[in-house]
Amino acid sequence: MKLLILVALFGLSLAQHNPNTKHGRTSIVHLFEWRWADIAEECERFLAPNGFGGVQISPPHESIVLNNPWRPWWERYQPISYNLCSRSGTENELRDMITRCNNVGVYIYVDAIINHMCGAGGGEGTHSNCGTYFSAGKKDFPSVPYSHWDFNDNKCKTGSGNIENYGDPYQVRDCRLVSLLDLALEKDYVRGKVADYMNNLTDMGVAGFRVDACKHMWPGDLSAVYGRLHNLNTNWFAKGSRPFIFQEVIDLGGESIKASEYFHLGRVTEFKYGAKLGGVIRKWNGEKLSYTKNWGEGWGFMPDDKALVFVDNHDNQRGHGAGGAAIVTFWDPRMHKMAVAYMLAHPYGVTRVMSSFRWNRNIVNGKDTNDWMGPPSHSDGSTKPVPINPDQTCGDGWVCEHRWRQIKNMVIFRNVVNGQPHSNWWDNQNNQVAFGRGNRGFIVFNNDDWNLDVTLNTGMPGGTYCDVISGQKDGDRCTGKQITVGGDGRAHFKISNQDEDPFVAIHADSKL
């Protein structure tokens, strides 16, 4: 009997590593701070037609409202209730968005904030998304309800109540992260309230969760919460499907808490990936693209089947979190497109693309003093809609990297080559590299300060292909470069280091 239970639990945990994306779709996009109404439209008009598998949405719970109308993005990471009203919209708008996105095969992953409530200095009153009363000072959140009994203050052994030493795993998990009121997740009551919140969303039809701040919670407590989660809604998912869990654990090595402590519970965010890839693309410290022949586990990253990977995320593009100045973002568009293309072409991990908004950067002594700025907003603090320009880019401060032709076409590339091996590697021992994915795709990068001019074995069937970086296939013609592959699978590539995008990609579906 014990063995049966163990086998069942093992099966459950493995299921939580599966993103549940529709067959033939492989990548998630993080539509950071988008309104639910805009996400619903984006699923229908752009994400589904272009093969995106899912959307990570911003936290949907009610949170504290700070400094209206100059509201920081991080107020959303300070819950005051589990009511589903946020600056992205109402519960009805959330439900409508989940339904509409699911109906076109684009699934929703919720950013779940379950480690804490708002900051200890959050005051008292109704300054929250829906006017719900709370008192941070009394640790009173009557809408849940949580009281002072439901927080970790008695367990934390530091004078301030905050984490003072990240080398002490007990402090990291039992004390307050930057003064955020730390929930006592070992209490059955708290676990129940958190699971109820997540189950409400699961029943609505979400496919899984990005779980925030996991290294600040004990793996055993998370296991108990995940074990209470309902199976996915059978209106859209196969019977018995489990929520996809991907956990934020920042581990660049040398940490007292290891990412591996969370592998059995679900996938984990591989922060080394963007930090290392950024350093390679920037050519820092003698790093070369040719060194990435054994990219992935060969670089000391976590096992492929445990990793969720990304070039940048909402934290580290602002200098928070991990990776520092190595991280490439939309502020460096040429490098960013190359890095995202490399990620999407390479088989390692489940991939997430970032979709951002601009803010007024103000760099003082290497730090951006405006990194707190929230999304494009009206004068009353409400979030602006995302307007789509005639050229398919976004306006009004929304960056929408996922709509950039090069990135959108590489999302399609990844779908086309899915399941094919990393093959036909070539490099010039410097920053020109090429690799294929079986006989389904081939990509060539020139990140050197001189031109690339070379004939390579692509492994692809003979014929004429459209480069999906400089353009794409449009009926029976290419809008960008054409690549001719001979009957022997070889093709000639010329890439100037002055090109707007110094890389070329072809795949089976871009063949004329």
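Which strands does helix α8 lie across? Select residues 333–345 to find out: α8 lies across β15, β16, β17 and β24, running at about 150 degrees to β17. Keep in mind on this tour that the model is predicted.

Now pick out the strands themselves. They form an open sheet of four, in the order β15-β16-β17-β24, with antiparallel pairing. Colour β15 (422–427) and β24 (503–507) next: these stand at the edges with a single partner strand each, so one side of each has no neighbour in the sheet. On average, neighbouring strands here are turned by 10 degrees against each other, direction ignored.

Zoom in on β16 (residues 432–437) and β17 (residues 441–446), an antiparallel pair joined over six bridges. Click Arg437 and look for its bridge partner in β17, which is Gly441.

Helix α9 is the next stop: select residues 405–417. This helix packs on the sheet, where it touches β16, β17 and β24, and its direction makes about 40 degrees with that of β24.

Next, head to α5 (residues 188–204) and α6 (residues 219–226). Their axes come within 9 Å and cross at roughly 50 degrees, and the two helices are therefore oblique to each other. The crossing of α5 past α6 is right-handed. Show side chains for Arg191, Val194, Ala195 and Met198 in α5, which meet Gly220, Asp221, Ala224 and Val225 in α6. By class, that contact has five nonpolar, one polar and two charged residues.

Finally, zoom out and colour by domain: domain 1 takes in 1–117 + 185–269 + 361–398, and domain 2 covers 422–510. Their centres, taken over C-alpha atoms, are 36 Å apart.

How values were computed:
Residues numbered from 1 in each chain as written. Predicted model: local features only at pLDDT ≥ 70, side-chain atom pairs only at ≥ 80, totals over all residues. Heavy atoms only, no water. Domains from an automatic or database assignment. Pairing = 2+ DSSP bridges. Axes fitted to C-alpha atoms, helices over the stretch in contact; angles between N-to-C directions. Contact = heavy atoms within 4.5 Å. Parallel < 35°, antiparallel > 145°, perpendicular 65-115°, else oblique. Left-handed = near helix turned anticlockwise from the far one by under 90°. Nonpolar A, V, L, I, M, F, W, Y, C, P; charged D, E, K, R; others polar.
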